[in-house]
Amino acid sequence: MGLNSRSGPTLSSVKRGVTEKDIVCRKLKEQLDVLEKDTVAKLSEMDQYNVDIKELRESQTKQQQVLDRLRQVKADKLCDLQRRRELELERRKREEEEAVRQAKLEKERQWRVKLEREEEERRRRIQEEREAKLKEEEERERELRAKLRAAQEQADKPAA
């Protein structure tokens, strides 16, 4: 009995210790299960995060390519616009030079026309002066003939 009484509390405390340890083990197992579930969930989240990151990088790469193409298109358009401006300036310059040349030609033509008119006027005046002199000479000649006839008639008349 003495042994039993000594072993009784010891056995009971061992049972209690085993029970407590069993409870602690179950709690730890539950915590381990929760941790494993959390770990699996976190790993799944990380996998999804990695997939999302990969998609975002691919999207960013595509957007960068589009942006690069847009920049190239913009640069091409600017070059084209600059070239068109230069061509337009050259065209305007040629038109202005042509207008100046045409104005100069017109001025020269008007000058020639003026000179021709002046020359024609001078010729007309000379012709008119010649005709006037010719008429004058013819008139003098008629007068001379008339005087000559009159003088001859006078000379042919018998003296009375």
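Does Cys79 count as buried, partly exposed or exposed, and at what relative accessibility? Cys79 counts as exposed, at 53% relative accessibility, where buried means under 20% relative accessible area, exposed over 50%, and partly exposed in between (1.4 Å probe, protein chains only).

The model is predicted: local features need pLDDT of at least 70, side-chain atom pairs count only at pLDDT 80 or more, and totals for chains, interfaces and linings use all residues. Residues are numbered from 1 along each chain as its sequence is written, and side-chain values use heavy atoms, without hydrogens and water.

The protein contains one helix and zero strands; these are DSSP runs (helices H or I, at least four residues; strands E, at least two), numbered from the N terminus. Helix 1 spans residues 2-156 and includes Ser12. Between the C-alpha atoms of Ser12 and Glu141, 129 residues apart along the chain, the separation is 186 Å. Along the principal axes, the C-alpha atoms fill a box of roughly 230 × 15 × 10 Å.

Of the 160 residues, 0% are buried.

| Residue | Relative accessibility | Class |
|---|---|---|
| Ser12 | 35% | partly exposed |
| Cys25 | 48% | partly exposed |
| Cys79 | 53% | exposed |

The accessible surface of the protein comes to about 15,700 Å², with 55% belonging to carbon and sulfur atoms; the areas come from the Shrake-Rupley method with a 1.4 Å probe.

A search of the whole structure finds zero disulfides, a disulfide being a pair of cysteine sulfur atoms within 2.5 Å.
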